[in-house]
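Here are my notes, as promised, for you to read with the model open beside you.

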Amino acid sequence: MIKEEIRIEEARQAILSTLLRIPELTDIQVDPETLTEKSRADLLVSFRKQNDRKTLLVEVGSSGQPRLARAAVNSLLVLRSNRPGSHGVFVAPYISDASAKICQDKGISYIDFVGNCWLHFDSIFMEIKGNPNRFSRKSELKSLFNPKAERILRALLHEPGRQWLTAELAKAVNVSPAQISNVRKLLLEREWIQDQKRGIKLIEPLQLLDSWLANYASKRNAVYEFYDMGSAGEIEATIANFCNQRQTRYAFTGFSGASRYAPFTTYKTVTAYMDNVKANNLGNLPFKPVTSGANVRIISPYDEGVYYGTRSIAGQTVASAIQCYLDLKNEKARGEEAAGALLEQVIKPSWQ
């Protein structure tokens with residue numbers, strides 16, 4: 001069987017298993033649409049409820065991303081208008097909260113392959129939600145959150161109100177136009193960006209940032225730990241002076257960076273990105289390497305994109321608020337609270 005036939009059969013089984021959970025329904029039939037016109041449903045469902053026969057028109061999607069969900073909903077609205085008394089249902093492997101809202105706002109029911117559903121027509125109402133997505137495409141996530149793609153995400157989140165042409169975005173973050181095109185496609189499917197006359201524009205920055213945080217792989221960095229007797233401020237001054245004298249690129253991140261934007265709590269461990277740090281030259285740094293009890297973390301970044309949007313604050317270089325927010329994910333103690341404060345006090349206001 002080809003993929004299309006397999007998907008239709010899986011949709012048929014999902015519909016049957018859902019409708020069979022409603023006791024008052026009888027004579028349930030789920031079959032391919034037999035009309036020859038182009039404007040036909042993928043599946044036609046009929047059943048009896050008491051003495052009435054109901055008809056459902058079904059559109060089956062290859063995924064439940066918002067853009068595909070919206071297209072399916074619009075198609076079902078047209079089909080439904082030509083068949084008085086019928087109801088529309090969108091079926092896909094997994095339907096996200098955003099796609100579910102698109103369906104609900106237009107009065108279109110939905111069912112997915114993992115058991116989530118929302119049926120709302122005539123006197124029938126059934127809702128099941130919370131079943132996790134087992135159809136997430138790892139290759140797609142890998143394409144969206146690989147180092148080169150993340151450079152694009154940083155630029156979009158740094159200036160969410162800006163309309164970016166492909167050429168200028170590629171130049172700004174040093175990636176190929178082909179990479180821009182690939183990421184653009186993935187973001188459009190999720191309806192996180194819009195295509196406008198002057199290029200693409202980010203319209204859902206929080207959804208993008210939340211998804212990136214959930215998939216952020218900081219383990220790609222090489223992290224070296226040290227100890228120093230000085231206070232956090234003294235250690236940061238030492239790092240800044242050391243890097244400036246050697247013309248080495250650096251940027252404070254984690255608590256060290258976030259505190260520059262939104263002072264939230266005191267901290268003892270200093271964290272900074274630094275170029276040209278390797279396991280065989282740690283003795284060049286002005287700190288003592290340790291295996292435990294560290295209060296200095298020097299990170300050799302997995303990609304130069306971490307330096308995008310750096311700022312000079314009080315004469316020291318600080319990673320962007322977006323980068324600090326991502327890196328706070330790995331901070332113990334009050335890292336999550338500090339990330340929340342940074343998001344509410346700095347990042348969100350910059351998106352206004």
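1. Start with α12, where G335, A338, A339, A341, L342, L343 and I347 are buried (buried means under 20% relative accessible area, exposed over 50%, partly exposed in between, with a 1.4 Å probe and protein chains only). Helices are DSSP runs of H or I with at least four residues, strands are runs of E with at least two, and both are numbered from the N terminus. Bear in mind that this is a predicted model, in which local features need pLDDT of at least 70 and side-chain atom pairs count only at pLDDT 80 or more, while totals for chains, interfaces and linings use all residues. Residues are numbered from 1 along each chain as its sequence is written, and side-chain values use heavy atoms, leaving out hydrogens and water.

2. How does the span of α12 (residues 335-350) agree with 1.5 Å a residue? Its 16 residues should span 22 Å, and the end C-alpha atoms are 21 Å apart, which agrees; the expected span is 1.5 Å times one less than the number of residues. There is still a kink of about 40° in α12, centred on L343 (the bend at a residue is the angle between axes fitted to the seven residues ending there and the seven starting there).

3. On a 1 Å grid over the protein atoms alone, a cavity is a set of points where a 1.4 Å probe fits but cannot get out; a pocket is an open set with protein on both sides within 12 Å along at least five of seven lines; lining residues have an atom within 4 Å of a point. Grid points are joined across faces, edges and corners, and a volume is the space filled by probe spheres set on the points.

4. Which residues line the largest cavity? They are F255, A258, S259, A262, F264, T265, A338 and L342. α10 (254-261) and α12 each give two or more of them, and α10 gives the most, with 3 residues. The lining has 6 nonpolar, 2 polar and no charged residues (Ala, Val, Leu, Ile, Met, Phe, Trp, Tyr, Cys and Pro count as nonpolar, Asp, Glu, Lys and Arg as charged, and the others, Gly among them, as polar).

5. The largest pocket has a volume of about 600 Å³. Of its 21 lining residues, Q65, Y94, S96, N133 and R190 are the closest to its centre. The lining divides into 7 nonpolar, 10 polar and 4 charged residues, and its largest share, 3 residues, comes from α8.

6. Strand β12 (residues 270-274) is largely enclosed by the rest of the structure, because 5 of its 5 residues are buried. V270, A272 and M274 are on one side, and T271 and Y273 on the other. In a regular strand the side chains alternate between the two faces of the sheet.

7. What does β12 pair with? It runs antiparallel to β11 (residues 250-252) over 3 bridges and parallel to β14 (residues 296-300) over 4 bridges (strands pair if DSSP finds at least two bridges between them). Y273 stands opposite A251, and its bridge partner in β14 is I299.

8. Lastly, β8 (residues 193-196) and β9 (residues 199-202) pair in the antiparallel sense over 4 bridges. They form a hairpin with 2 residues between them, and D195 has I200 as its bridge partner in β9.
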